Amino acid sequence: MSAEGVRELRRVWSDAIRPDPVYTIDEWADRERYLPPSTSAEPGRWRTSRTPYLREPMRALSPGCSIEQVTLVFGAQLGKTEVLLNYVGHGIAASPSPMLLVQPTVDTAEKFSKMRLQPMIEASPTIAALISDRSRDSSSTLTLKEFPGGVLRLAGANAPSGLASQPVRRLALDEVDRYPLDTGEGDPVELARKRTSTFGASRKILAVSTPTDEGVSRIWQLYEEGDQRRFWVPCPLCGAEQVLVWSQVRFDREDPQGAWYECEHCGERIDERHKGAMLKHGIWRPTNPNAPAHVRSYHLSALYSPLGWLSWGDIAEAFLKARGNPERLRVWTNTNLAELWTVQGGQTLSASTLQDAASPQSFRERLPASVSLLTAGVDVQDDRLELEIVGWADGEESWSVDYITITGDTEAAETWDELEHVLLRTYPHPELGELRVQAAAIDSGGHRTQRVYDFCRTHKTRRWWAVKGANETPGNRRPVWPQRPSRKKGRAPLYIVGTNAAKEVIYGRLRLEGGGPGCCHFPAERPAEWFAQLTAERYEERRIKGRRVLVWHLPSGRRNEALDCRVYAYAALEGFKQLGGGIGRARAYARRELARAASSPATVAPGQPARQPANRVKRRDRAPRGNPFGSLWGK
């Protein structure tokens, strides 16, 4: 071998055995990382000093530190994704090794690669010099990035093949609570963690996510495995340290943007402008002394969001908008407080309490003045149809206007003719004349499926929709009403309803007392059995694939038709709103129709009786373009 070849061999060998750099991830990011304008509100060089609470987690993930696993349970606008990108960037440029980055699905992995990873690579010259241009080099694709000394693979948690590839030294798990419970081959988190076992104590595992529901949240389970650190900050007035909590935020409901924080020690007012100094002098402290020494976990709410990002006023304003709506409040709790949401099940919901609070008057004979919209939910059995008609006011306050059972063989046409007659009934309103059901959801999931499709196809312009409850697994949550039909059965759209989300909203609202947004009102004329059906289901703990989860459960021997009807009536409201309508617009439309009818009375010849409206409904009922209300409004 020539002298030049020997020198080259020595250089390659020297590079291969050179130890990892001594500088940590945060030091590397401050030196080499640049934030692109396409993904950052503050483009330019990365500054860890802007988010001081991120320094310790990044140092725990750095080479030379004995920590093997780091879990971040963070709220919104705190930089958790930037920690993940710094972790990956450092692994490419300063400590090359095989890496795996897992997103909830293959699609989100590809989107993350395009929207977040590639812009970081292009904006940071040190990284860009090591990653080949994928348009010229097949070694660099959306889900595969090769670089000297290592490779980065991106995978979806829904595809077990991507989690069972080659061993990796660095593992990044993003948005963990959006992972499926089981891939068919086991828990995706455990499948991914097994890829790091070859590297022993030198491995690094990062898991980040906002939490979801109690008993389901996977990131919270990882958090509990660690030492459960909280960030303590000093009061700028008395110097006493404390963890920022929502209960100490003070604000005026008329001006939530003026929110401030009350020190739990001196009781003095802490303004938003003090936040920068507080974060600068903050410190992480563990709260779980029994955790393994090599496992750390961090919890941080959006109350710590740096000055200029998410303010206490923004959080307070979002809270006021979410209050009274359990589904919105759940999102607010998860994303702002980074806390688990405790689903309101039926354990403490008493049917007798609801019945005792029922109104002595019947809403059927005269609708409450604040009601603006009627929807219906229909449950289908072999020998009957059961339906509830619900009146809605602003804030989704509701009144159970009517509950009807149509007995008869539901395969027979006469039974469905009777349902049509019921759904076309009008109910007197003190201000709006008469109201009629504007949207109905009819269960097609179990009994007489084809009959439901046929009925809804015949009346599709009336917004009488065929629905089916979603086959949901714990942690896989669907919205109450989908963005589009699942499919069409003989030209009848089928809508898959998120029944778990709907039940959570309904059970939360059943607990509200008095009146106001979200409150539910029922007439005392309903039998005790009806209230028992409305509260029949429970949210109970189960073990699925060895994991503790919470699921909706109907105890043996109980009936729940009343609950099903309320779920479908609520789903019909959500479907109506998605068409561009809404409770407020419905009231305005009814007022205009009433005024128009009053201004053009029918002409009656002298001595002749006034013409009575025919029972038959005109079929000219297609809604005009841009008008979600159609021409079926009761007059």
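**Strands and their neighbours**

Analyst: In strand S8, the bridge partner of leucine 171 is isoleucine 205. This is a predicted model, in which local features need pLDDT of at least 70, side-chain atom pairs count only at pLDDT 80 or more, and totals for chains, interfaces and linings use all residues. Residues are numbered from 1 along each chain as its sequence is written, and side-chain values use heavy atoms, without hydrogens or water.

User: What makes S7 and S8 paired strands?

Analyst: Pairing requires at least two bridges found by DSSP. S7 (residues 170-174) and S8 (residues 204-209) have five, in the parallel sense, so they pair. S7 is also parallel to S4 (residues 98-103), over four bridges; there, leucine 171 is the bridge partner of leucine 100.

User: Why is S7 called mostly covered?

Analyst: Buried means under 20% relative accessible area (exposed is over 50%, partly exposed in between; 1.4 Å probe, protein chains only). Five of the five residues of S7 are buried: Arg170, Ala172 and Asp174 on one side, Leu171 and Leu173 on the other.

User: Why do S11 and S13 count as edge strands?

Analyst: The open, antiparallel sheet has the order S11-S12-S13. S11 (249-252) and S13 (269-270) each have a single partner strand, so one side of each lacks a neighbour in the sheet. Three bridges join S11 to S12 (residues 255-262), and aspartate 252 has aspartate 255 as its bridge partner in S12.

Notes. Helix = DSSP H or I, 4+ residues; strand = E, 2+ residues; numbered from the N terminus.
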